[in-house]
Amino acid sequence: MIKKLSLAFVFAVALAGPALAETYEVEMLNKGSDGARNVFSPAVIKIAPGDTIRFVATSKGHNAQSLDDALPDGATPFKTKLSKTEEVTFEAPGVYTYKCLPHYALGMVGVVVVGDDISNLEAVKAETGAAPGKAKQVFSDLLSGL
């Protein structure tokens, strides 16, 4: 009897794991609430491993695409379709940076921090330090709070 209960508990915990994952929304906007143009809202988001971000095409003409040179170990690059709402699940802990490809130089960028591991932060800062136009300053501002 105890063996059956233990086995049932193990299965219940295993099945509950994915159920504990959260889904968060990041809007892709032509204009933010503060008047800034071409923004992700929120621009920085902290989530747990296994959580999902739904990139919402609130305004058309935007996408979300990872900067791939400083991804956390084991992370999968992502690229959503233009003007489409899509979901991305983040498994590997670390700092992810992403951009809207059409508006990258205009500073439409964002940061996802997965878990408590920010060991790739220096590599991320080096990669984003070479970003074009306004993106370089926006990344610097976003990363300074980590």
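This tour goes through the aromatic pairs and nonpolar cores of a predicted model.

Start with the rings. Searching the whole structure gives six aromatic pairs. Select phenylalanine 55 and phenylalanine 78, which form a stacked pair with 5.8 Å centre to centre and 20° between the planes. This pair links distant parts of the chain, as its two members are 23 residues apart. Phenylalanine 55 belongs to strand 4 (residues 52–56), while phenylalanine 78 sits in the loop between strand 5 (65–66) and strand 6 (86–89). Phenylalanine 55 has 0% relative accessibility, so it counts as buried. Phenylalanine 78 is at 8% and therefore also counts as buried, the cut-off being under 20%.

Next, select phenylalanine 90 and tyrosine 96. Their rings form an edge-to-face pair, 4.9 Å centre to centre with 85° between the planes. Both phenylalanine 90 and tyrosine 96 are buried.

Ring pairs join Phe40, Phe55, Phe78, Phe90, Tyr96 and Tyr98 into a cluster.

Now widen the view to the largest nonpolar core, which has 21 residues. The members that touch the most others are Phe40, Ile53, Phe55, Phe90, Tyr96, Tyr98 and Val112. At least two residues of this core come from each of strand 1 (23–31), strand 3 (44–47), strand 4, strand 7 (94–99) and strand 8 (109–114).

Stay on tyrosine 96 and show its contacts. Leaving out residues up to four places away in sequence, tyrosine 96 touches Leu71, Pro72, Ala75, Phe90, Glu91, Gly110, Val111, Val112 and Val114.

Finish at a second, separate core of 15 residues. Select Leu67, Val95, Val109 and Phe139, which are among its members.

Note on methods: Residues numbered from 1 in each chain as written. Predicted model: local features only at pLDDT ≥ 70, side-chain atom pairs only at ≥ 80, totals over all residues. Heavy atoms only, no water. Phe/Tyr/Trp six-rings, centres within 6.5 Å; stacked < 30°, edge-to-face > 60°. Helix = DSSP H or I, 4+ residues; strand = E, 2+ residues; numbered from the N terminus. Buried < 20%, exposed > 50% of the residue type's maximum accessible area, 1.4 Å probe, protein only. Core = buried A, V, L, I, M, F, W, Y, C linked by side-chain atoms within 4.5 Å. Contact = heavy atoms within 4.5 Å.
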